[in-house]
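Good morning, and thank you for making time for this presentation. Please keep the sequence and the structure in view while I speak.

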Amino acid sequence: MTVMVVATGNPGKLREMQAYLVDSGWELVLKPQELEIEETGDTFAANACLKASLVALATGNWAIADDSGLQVDALNGRPGVYSARYGKTDSERIARLLNELGNEVNRSAQFTCAVAIARPDGTIALESEGICRGEILHAPRGDGGFGYDPIFYVPQKQLTFAEMTPELKRSISHRGQAFASLHKDLQRLKE
Ligand code: IMP
């Protein structure tokens with residue numbers, strides 16, 4: 001199997017990507033710890049490409065990176081690429097978002113996930129994006145998931161991301177969709 005370096009130092013993220021890309025014919029491995037990359041892009045796609053490209057160049061291998069976050073319509077797309085940096089903890093980030101949204105009637109929002117794959121020379125071979133639309137609740141609901149999951153409600157399922165089983169969340173989430181469309185192209189990449 002050809003090695004593909006995952007542009008993350010987080011073993012949880014590696015496991016998640018392995019689950020999405022099982023049977024794709026690639027062996028996913030963690031990036032070297034000393035290799036730090038700043039997310040300086042102003043879109044999810046730009047950050048995913050930047051991370052994949054730099055990790056490929058630094059390691060001389062194929063590399064894969066993702067970037068994701070929450071965009072709230074009434075906040076002009078914030079927190080967006082700053083989703084992870086919106087506060088120190090998940091509860092601080094949620095509290096800040098709910099405070100900024102206040103009693104706004106338009107609660108529409110979406111999670112977006114961009115994924116990029118770079119060749120060993122750093123050029124981008126594949127890009128993919130997944131979007132999941134939903135609404136921001138006034139208070140958290142559910143204990144599962146991570147990040148903004150307890151306040152992200154999906155009307156079609158009548159559940160927040162935090163109330164869904166991991167399987168259900170994977171089947172409809174921004175990340176699930178981005179990886180599903182990538183899976184087909186990935187098999188073709190080595191042919
Ligand atoms: P990154 O893609 O690892 O940079 O993470 C972006 C940030 O967006 C995370 O730290 C979370 O705060 C948020 N985020 C991305 N995807 C999800 C999700 O599926 N549920 C909840 N929060 C998410």
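**The ligand and its pockets**

With three residues, β3 gives the most to the shell around the ligand. Here helices (H or I, at least four residues) and strands (E, at least two) are DSSP runs, numbered from the N terminus. Please note that this is a predicted model, in which local features need pLDDT of at least 70 and side-chain atom pairs count only at pLDDT 80 or more, while totals for chains, interfaces and linings use all residues. Residues are numbered from 1 along each chain as its sequence is written, and side-chain values use heavy atoms, with hydrogens and water left out.

Let me stay with the shell. The ligand is surrounded by 15 residues, and the closest are Lys13, Ser68, Asp149, Lys169 and Arg175; a residue counts as near if one of its heavy atoms lies within 4 Å of the molecule. By class, the shell holds four nonpolar, five polar and six charged residues. In this scheme Ala, Val, Leu, Ile, Met, Phe, Trp, Tyr, Cys and Pro count as nonpolar, Asp, Glu, Lys and Arg as charged, and the others, Gly among them, as polar.

Tyrosine 148 instead places a backbone N or O atom 3.2 Å from a nitrogen atom of the ligand.

I turn now to the pockets. The ligand takes up the space of the largest pocket, meaning that more than half of its atoms lie within 2 Å of the pocket's grid points. A pocket, on a 1 Å grid over the protein atoms alone, is an open set of points where a 1.4 Å probe fits, with protein on both sides within 12 Å along at least five of seven lines, and lining residues have an atom within 4 Å of a point.

The volume of the largest pocket is about 810 Å³, a volume being the space filled by probe spheres set on the points, which are joined across faces, edges and corners. Its lining has 35 residues, and Lys13, Glu39, Asp67, Ser68 and Ala84 are the closest to its centre. β3 gives the most to this lining, with seven residues. The lining comprises 13 nonpolar, nine polar and 13 charged residues.

The second largest pocket has a volume of about 220 Å³. Among its 13 lining residues, Gly145, Phe146, Pro166, Lys169 and Arg170 are the closest to the centre. Here α4 (166-172) gives the most, with three residues.

Two backbone details remain. The peptide bond from arginine 78 to proline 79 is cis, with omega near -5°, and proline 79 is found in the loop between β3 and α3. Aspartate 23, in the loop between α1 and β2 (26-30), has a positive phi near 70°, in a residue other than glycine.

Methods. A polar contact is a pair of N or O atoms within 3.5 Å; within protein, one must be able to donate a hydrogen and the other to accept it, and residues adjacent in sequence count only if both atoms are side-chain atoms.
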